[in-house]
Amino acid sequence: MTSPPGDDTDSTATEAGMIPVFWLFAFLALVGTLAYRRTPLTAATAAVAAYLALFTLLGRHAPGWDILAWAAFAVVAVVLNNVRLRRRLLSDPAFTRATTAMPAISETERIALDAGTVWWDAELFTGRPDWDNLLDYPAPSLSPEEQAFLDGPCETLCAMVDDWEVTHERLDLPPQAWEYIREQGFFGLIIPAAYGGKGFSAQAHSAVAMKLASRSGDLGSTVMVPNSLGPAELLLRYGTDTQRDYYLPRLARGEEIPCFALTGPLAGSDAGAIPDTGVVCHGEVNGEQVLGLRLNWEKRYITLGPVATLLGLAFRARDPEGLLGGPDELGITLALIPTDTPGVEIGRRHFPLNAAFMNGPNRGHDVFIPLEQVIGGREGIGEGWRMLMNCLSVGRSISLPSAGTAQARMAAWTTGAYARVREQFGLPIGEFEGVQEALARITGNAYVTEAARALTATAVDQGEAPAVLSAVVKYHLTERARASVTDAMDVHGGKGICLGPNNYLGRAWQTAPIPITVEGSNILTRNMMIFGQGAIRCHPHVLAEMRALQDGDRAAFDRELFAHAGFTLSNAARSLILGLTGARVAAAPERADATRDEFRALSRYAAAFALCADAAMLSLGGALKRRERLSARLGDVLSLLYLGSATLKRFHDDGSPRSDLPVVRWVMAETLALIEARLDAVMANLPARPLAWLLRGLIFPLGRRRRGPDDALGRTVAAVPMQPGSARDRLLRGIYRSADPAEATGALEDALQRTVAAAPLERRLHDALRAGTLRVDTDGDDIAAARAAGLVDDAEAEKLRTARRARRTVIDVDDFDPGALGKR
């Protein structure tokens, strides 16, 4: 039946049907905006009330809709805003359930969780990082004294060391290097000047370690260990005045060579299970009976152990006779023991993958020490685990990340040069796409490892002890170093596998697994430590909730629980909105024009990570600790967010040079693609499938978009270490680069410079040969033929010959008399 002319019944009905949909979308937009902006509860309540007022006054809807909406709003608003009611109905029941479900936390776990500090990692965990705050952190810099040390004694020491001599002939540093290390105070980098040390910043300490490791891994290890987790750092933080006054000057002057013994045959990654013991008893020292400890231990993998004069030891102290007036079990304790103390067995060596740095086992049988040799004296008994965890947060931020950065950048230096010098089929091998693919990865790793190394040292210089970030850089920088050296070996081919004085790569490839195993094995670090510790320490609410549960503080639990709920809701809204908009609405610093899109993308994935972390912890609870692969993937996302942050920070600190932009974009394209892949894997393996489907819809509403760097960008990036210039110099700055053509890496750099300089002449000859204007006799001397034809003059001909001789020097590999190898 048709309506009479002018009858607008159908139109009105359609409008009435559409208006509630409009108001529904308006409501969703309002809630999404409030959640996205993390509006406080009271302000959000007022905003929703204002919306309902407009809906009631202006909305054309079916009768009763406004009453229903106001009733629902009143219930929710009263419950959430009335703290007493909210606690009775919601948070107190949740408190009871959580108290029952929360797994017990051991004392060693509690100390580990309390150790160190959080920094930019906590900012990433908010899901809304403040990028201006990141860019405001000071750029890496050295004092004039620190720079002079790098340019002077560090360069001199590097030049003293020949890696083939160290690793094949001596299996040790040369005597003059040991003497120079002591004389110039390399063992006292972190010891304050008041005790005779250098008192260097963390940035300088890291730079010294990196330069030495870029010359020789054995040299780097020898200097790094006394300046990392060891007697000096422990004394500085926890020693008595008497201990500091006596030992620190001796350590700074190199009169004492220290080592620290933690790992044993039965307590490797599980250091809390140390079986070594120290029993409180009386013993004789210098003819007098004193109170002390009788120690029995067995340790291994102890760097500098074979040559140490001062042994730092971790053991479990006991007082069965109650001589100290306390419990029997006193806990993990640290002590300093001169290695000539009766009962100490030390000096034997391990031989880790042909590395020559001093490393070996030690034992002690009925070794008596007075209580004064406990670090911190009597008050330090039982405090060893706390000491170790706090010191490790700093030491692990410096040494191994510096060594990993050194290896990654050495791989970029040598592989870039070799790919330009070595030719096949009439082209530098760096022109082939397969080599470019590997070289782009090497270049990207060299850039990002240096960025993360420097940013983490900045944190330490600001007074932080970054517990989670130290694990991030230890794991990722050593793994990227290993990957870079493997890629470098593939590009070098036969040049890399034939050991000898002219092989600058083989030992790095052999020893690449060593940093993977120490200061927390990389499997343990990735699967358990990064997210396991980060989820509690860095999360804005989890640690506070746990403490409220432990303390029985229901009011504090209520506050944190509902703040946590708002936090999760906000990250859900942010994930969806940023996913739908391609992160175009995310905040980005005005100072970062060239990398604004990358900052926005990191903001998107920070929100997605925080949401996934909450979902995993909520659905799995304590079982997440046993789901190591899920934990590892979440840890990867946190780590990649940090590496991406460091990359953008470095680019900004360097002045945003345009020639570095391709490398930065390559690193960020790879980083963002890896983040998406890890998030996808988390959702694919989350046991609660409906929750995983919801997460996927929120985080990838338009599907996965990141595919990594494309081939064209990879080609541009691969060219950076092949071509002398400012971009290459920034990529390689800080490592030792020999200028001696008689030395293997110096010969490589010499060949690169000569090859690049002669390239126009080589092209001239090549074009003439192809055009038929240059004919070469059977002896094949194209340079002589070109000179005879007038294509080059005498100086140009000599330039070509010199460049080719330099290239041949680099391409040649070492060979030996069979008898010489047999003797070795």
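Of the 824 residues of the chain, 53% count as buried, where buried means under 20% relative accessible area, exposed means over 50%, and partly exposed lies in between, with a 1.4 Å probe and protein chains only. The model is a predicted one, in which local features need pLDDT of at least 70 and side-chain atom pairs count only at pLDDT 80 or more, while totals for chains, interfaces and linings use all residues. Residues are numbered from 1 along each chain as its sequence is written, and side-chain values use heavy atoms, with hydrogens and water left out.

Taken along the principal axes, the C-alpha atoms of the chain fill a box of roughly 105 × 95 × 45 Å. The chain has 33 helices and 9 strands; these are DSSP runs numbered from the N terminus, helices being H or I of at least four residues and strands E of at least two. Among contacts between residues at least 6 apart in sequence, 75% join residues at least 24 apart, a contact being heavy atoms within 4.5 Å.

Consider next a pair of helices, H23 (residues 554–580) and H24 (residues 596–620), which pack at an angle of about 135 degrees with their axes 8 Å apart. Axes are lines fitted to C-alpha atoms, for helices over the stretch in contact, and angles run from 0 to 180 degrees between N-to-C directions. H23 and H24 are therefore oblique to each other, since angles under 35 degrees count as roughly parallel, over 145 as roughly antiparallel, 65 to 115 as roughly perpendicular and the rest as oblique. On the H23 side the residues that meet H24 include His-564, Phe-567 and Leu-578, and on the H24 side they include Arg-604, Leu-611 and Asp-614. By class, this contact of H23 with H24 has 7 nonpolar, 6 polar and 3 charged residues, where Ala, Val, Leu, Ile, Met, Phe, Trp, Tyr, Cys and Pro count as nonpolar, Asp, Glu, Lys and Arg as charged, and the others, Gly among them, as polar.

In the loop between H23 and H24 is Ala-583, which has a positive phi of about 65 degrees although it is not a glycine. Most residues other than glycine have a negative phi. Ala-583 counts as buried, at 3% relative accessibility. Glu-519, in the loop between helix H20 (513–517) and helix H21 (522–537), also is not a glycine and has a positive phi, of about 55 degrees, but Glu-519 is partly exposed, with a relative accessible area of 26%.

A further pair is formed by helix H17 (residues 467–492) and helix H25 (residues 628–653), which pack at an angle of about 85 degrees with their axes 10 Å apart, and H17 and H25 are therefore roughly perpendicular to each other. Among the residues that make the contact are Val-472, His-476 and Arg-480 of H17 and Asp-636, Tyr-642 and Leu-643 of H25. The residues of this contact of H17 with H25 divide into 9 nonpolar, 2 polar and 2 charged.

Within H25, 22 of the 26 residues are buried, so H25 is largely enclosed by the rest of the structure. Just after H25, Gly-655 takes a positive phi of about 90 degrees.

Finally, Asp-551 is found in helix H22 (residues 542–551) and is exposed, with a relative accessible area of 63%. The C-alpha atoms of Asp-551 and Ser-214, 337 residues apart along the chain, are separated by 50 Å.
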